[in-house]
Amino acid sequence: RRQRQMCIRDRYSAENATHFGKAAGLPSMHVMSLHALRDGGVLVGTATGAARVEEGLVQAVGGKGGLLTGNVWAVAEGRDGADWLGTTRGVFHIRGTNVARYRVASGELPDDWVMALAVADDGVFVGTYKAGVVRLITTGERVVAKALGQGWINPSGLDWDGATLRAATMHGAFRGDGEQPMWKSEIQGLGRDTTAFLPAENGAEWIVTRRGLERRAYDSESK
């Protein structure tokens, strides 16, 4: 263990670490979400807004003053390169200088408190705090919102596993096809309140809950 700690110190020493805070341009020191961009850099969600960090430079999402987003619990890069922000004030969709906001007041969401995002070819899947998952289709002349259900979504609790949409919720782990409000429960062993999934070797995965950690293997029919 001591040897491993020494290797980590050698590799990640203070000399080759770069700190980004408010002085560098982040909206807040409190970072709440992070997404790796396809062309390098990261999209960062904070307690008061979001920013892109690319080639060592920080640029606020929404221009110099940023956006009045509140807490940014989830960030994602759309298939078209646009930025998606899941906030306590709904979902923000930023493409260049165009900013769209989807929320309860405009009729797209059942809950403004957005905890998770999973992008799709035609829009995004939105995981809300207490009103389940909503699919937003944004490629047509008007935005189409489709409620898919399934409870209280945890932070970063939506993810794709091939063509399967995974949801980590306060009532356990679930899987769906993203088309119908039908979900397969993965509540076994550790029980409720799943917080994360992590792929493991040979098709297995780790399931993280507030009651412990489980490594689960699947056969081709059960997954």
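This is a predicted model: local features need pLDDT of at least 70, side-chain atom pairs count only at pLDDT 80 or more; totals for chains, interfaces and linings use all residues.
**Entry 1**

I began with an open sheet of three strands, whose order is 17-18-19 and whose pairing is antiparallel. I looked at the edges next: strand 17 (194-199) and strand 19 (212-216) each have a single partner strand, so one side of each is left without a neighbour in the sheet. From one strand to the next I noted an average twist of 20°.

**Entry 2: pairing of strands 17 and 18**

I then followed the contacts between neighbours, keeping in mind that strands of a sheet pair through backbone hydrogen bonds, either parallel or antiparallel. Strand 17 and strand 18 run antiparallel and are joined by five bridges, and within this pair I found Leu-198 opposite Trp-206 of strand 18. The two strands form a hairpin with five residues between them, and in that turn Asn-202 has a positive phi of about 60°.

**Entry 3: pairing of strands 18 and 19**

On the other pairing, I found that strand 18 (residues 205-209) meets strand 19 in the antiparallel sense, again with a count of five bridges. I picked out two partners in strand 19: Leu-213 is the bridge partner of Val-208, and Arg-216 stands opposite Glu-205. Strand 18 and strand 19 also form a hairpin, with two residues between them.

**Entry 4: the faces of strand 18**

Which residues make up the covered face of strand 18, and which the uncovered one? I listed Glu-205, Ile-207 and Thr-209 on the covered face, with Trp-206 and Val-208 on the uncovered one. I set beside this the general point that in a regular strand the side chains alternate between the two faces of the sheet.

**Entry 5: the largest pocket**

I turned to the pockets and noted a volume of about 520 Å³ for the largest. Its lining has 28 residues, and those closest to the centre are His-35, Leu-117, Ser-156, Leu-158 and Asp-159. Strand 17 supplies at least two residues of this lining, as do strand 1 (31-36), strand 5 (72-77), strand 9 (114-120), strand 13 (153-161) and strand 14 (164-169). By class I recorded 18 nonpolar, five polar and five charged residues in the lining of the largest pocket.

**Entry 6: the second largest pocket**

For the second largest pocket I noted a volume of about 210 Å³. Of the 14 residues lining it, Ala-60, Val-61, Gly-62, Ile-94 and Gly-96 lie nearest its centre, and the elements giving two or more residues to the lining are strand 3 (49-54), strand 4 (57-60) and strand 7 (90-95). I recorded the lining of the second largest pocket as four nonpolar, six polar and four charged residues.

Note on methods:
Residues are numbered from 1 along each chain as its sequence is written. Side-chain values use heavy atoms; hydrogens and water are left out. Two strands pair if DSSP finds at least two bridges between them. Helices (H or I, at least four residues) and strands (E, at least two) are DSSP runs, numbered from the N terminus. Axes are lines fitted to C-alpha atoms, for helices over the stretch in contact, and angles run from 0 to 180 degrees between N-to-C directions. On a 1 Å grid over the protein atoms alone, a cavity is a set of points where a 1.4 Å probe fits but cannot get out, and a pocket is an open set with protein on both sides within 12 Å along at least five of seven lines; lining residues have an atom within 4 Å of a point. Grid points are joined across faces, edges and corners, and a volume is the space filled by probe spheres set on the points. Ala, Val, Leu, Ile, Met, Phe, Trp, Tyr, Cys and Pro count as nonpolar, Asp, Glu, Lys and Arg as charged, and the others, Gly among them, as polar. Buried means under 20% relative accessible area, exposed over 50%, partly exposed in between (1.4 Å probe, protein chains only).
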